[in-house]
Amino acid sequence: GKDMAQASGLFNVIRQVGGSFGVALIGTILTERTTFHTAIDGQSVSQYSSTYRTILDGLRNFATYRVAAPVAEELSRAKALVISDVTKQAVVQATDDTFLFAFAVMMLCVIPILFLRTKRRPKGEKVVSME
């Protein structure tokens with residue numbers, strides 16, 4: 001009885017600490033990977049990259065021929081949209097990386113479970129309460 005109560009309390013403390021540690025670790029990985037992907041993806045759309053220049057040239061042509069607003073205003077709006085898309089893509093890639101990490105950890109934890117053995121009770125034997 002007394003040992004069971006102590007074990008139950010200890011188990012709950014370990015579960016709470018482990019859960020808090022896991023949430024902190026996942027949050028850290030997500031933040032780090034978002035920063036990483038933002039930097040990598042940001043390089044592909046820097047003002048010196050051909051992709052970025054192609055996008056802006058297309059938007060400039062569109063703004064010049066089809067939009068009544070000043071071209072400079074439309075280009076600044078287009079740049080903001082490109083940056084927004086890069087940021088969204090970085091968050092998606094970071095989430096993918098984080099879920100992949102969580103999956104790998106889960107698979108590593110499943111391996112030892114496969115080797116656990118439980119005692120089997122003979123048929124007809126009843127479980128006796130410890131109280």
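Leucine 100 is found in helix α3, and, with a relative accessible area of 57%, this leucine is exposed because the cut-off for that label is over 50%. The model described here is a predicted one. Threonine 98 also lies in helix α3, but this threonine counts as buried, since its relative accessibility is 6%.

**Surface**

- Leu100 belongs to a nonpolar surface patch of about 950 Å², which is made by Leu100, Phe103, Met106, Met107, Leu108, Val110, Ile111, Leu114 and Phe115.

**The nonpolar core**

- In general, nonpolar side chains in soluble globular proteins tend to be buried together.
- In this model the largest nonpolar core has seven residues, and these are Val45, Tyr52, Leu56, Leu75, Ala78, Val82 and Val86.
- Two elements, α2 (50–66) and α3 (71–114), each give two or more residues to this core, and α3 gives the most, with four residues.
- Alanine 78, one of the core residues, is in contact with Leu56 and Leu59 when its neighbours within four places in sequence are left aside.

**Helix α1 and its buried residues**

- Helix α1 covers residues 2–44, has 43 residues, and reaches 63 Å from its first C-alpha to its last, which is close to the 63 Å expected at 1.5 Å a residue.
- Within α1, the residues Ile29, Thr34, His37 and Asp41 are buried.
- Leaving aside its neighbours within four places in sequence, threonine 98 is in contact with Ile26, Ile29 and Leu30, and of these Ile29 is listed among the buried residues of α1.

Note on methods: Residues are numbered from 1 along each chain as its sequence is written. This is a predicted model: local features need pLDDT of at least 70, side-chain atom pairs count only at pLDDT 80 or more; totals for chains, interfaces and linings use all residues. Side-chain values use heavy atoms; hydrogens and water are left out. The expected span of a helix is 1.5 Å times one less than its number of residues. Buried means under 20% relative accessible area, exposed over 50%, partly exposed in between (1.4 Å probe, protein chains only). A nonpolar core is a set of buried Ala, Val, Leu, Ile, Met, Phe, Trp, Tyr and Cys residues joined through side-chain atoms within 4.5 Å. Contact means heavy atoms within 4.5 Å. Patches are made of residues with over 30% relative accessible area and no salt bridge: like charges are joined within 9 Å, nonpolar side chains (Val, Leu, Ile, Met, Phe, Trp, Tyr) within 5 Å. Accessible areas come from the Shrake-Rupley method with a 1.4 Å probe; for residues, only the protein chains shown count as cover. A salt bridge is a side-chain nitrogen of Lys or Arg within 4 Å of a carboxyl oxygen of Asp or Glu.
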